[in-house]
Amino acid sequence: MTDFTGALADFDRALSLGLTPDAPFDALLALTRATVGVKLFTFMTVDMVTETARRSYTSHAEEYPVSGTKPVTYDRWFETVHTRRECFVANTLADIATVFPDFELIGSLGCGSVINLPVVLGNTLVGTVNMLHEEQHYTPERVKQAKDWLSVPAKAAYLASRVAVAS
């Protein structure tokens, strides 16, 4: 197994020094790049009271801006991520197209695989870390690494971003 402790220490340092709402997610993006790899990275927050999701961070602001909300869609993605609180994984653009209507844009960015990692706090799904890369990139080993190395940092980044907003 690869040792990512240096990347985790870098995440911790960046999280400690960050002063803006994006800084924790910048650190999480760097950790994601170092551990499982990512071409396109977003963080979506979820509000099940209003049944809306909002992109609160993006690595590609032009193609995937941080703005507005979208309604939660009840489909197999929802069942996997929201209900079972498991990672949604798709490793081909064709599979991505079955749940994401923006699959053509995803493909145009050189992406064809995805992991959506649920972020759960207080027994509530508060968001998802969305990692996209080329087709077949997210092997079972990389999915395990995402769960093992990114679940706790994702929670920390979410909370730290909320603290920065409140400051």
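A polar contact, as I use the term, is a pair of N or O atoms within 3.5 Å, and within protein one of them must be able to donate a hydrogen and the other to accept it. Keep that in mind for N116. The model on the screen is a predicted one.

So, N116. The side chain of N116 has a polar contact with the side chain of N130, at 2.6 Å. Another polar contact, of 2.7 Å, links the side chains of N116 and W77. Is N116 buried or exposed? Its relative accessibility is 3%, and buried means under 20%, so N116 counts as buried. Setting aside neighbours within four places in sequence, N116 is in contact with several residues, among them V81, F88, F100 and V129.

Now the strand around that residue. N116 belongs to strand 5, which covers residues 113-121. Of the nine residues in strand 5, seven are buried, so the rest of the structure largely encloses this strand.

Which strands pair with strand 5? One is strand 4, residues 88-90, which pairs with strand 5 in the antiparallel sense over three bridges. There, A90 stands opposite V114. The other is strand 6, residues 124-133, also antiparallel to strand 5, over nine bridges. In that pairing, P118 has T128 of strand 6 as its bridge partner. Strand 5 and strand 6 form a hairpin with two residues between the strands, and G122 in this hairpin takes a positive phi near 60°.

Past strand 6 comes a loop. H137 sits in the loop between strand 6 and helix 6, the helix at 140-166. With a relative accessible area of 10%, H137 is buried. Not counting residues up to four places away in sequence, H137 touches V36, G37, N91, S113 and R142. From H137 to V38 is 99 residues in sequence, but 9.0 Å in space, C-alpha to C-alpha.

Last, helix 1. This helix runs over residues 5-17, and its 13 residues, at 1.5 Å a residue, should span 18 Å; the end C-alpha atoms are 18 Å apart, which agrees. Which residues of helix 1 are buried? They include A7, F11 and L15. Viewed down the helix axis, the buried residues fall within an arc of 75°, so they line one face of helix 1. As background, an α-helix has 3.6 residues a turn, so residues three or four places apart point the same way. On the face of helix 1 turned away from the buried side are the exposed residues S16 and L17.

Technical notes. Residues numbered from 1 in each chain as written. Predicted model: local features only at pLDDT ≥ 70, side-chain atom pairs only at ≥ 80, totals over all residues. Heavy atoms only, no water. Helix = DSSP H or I, 4+ residues; strand = E, 2+ residues; numbered from the N terminus. Buried < 20%, exposed > 50% of the residue type's maximum accessible area, 1.4 Å probe, protein only. Contact = heavy atoms within 4.5 Å. Expected span 1.5 Å × (residues − 1). Arc of directions from axis to C-beta. Pairing = 2+ DSSP bridges.
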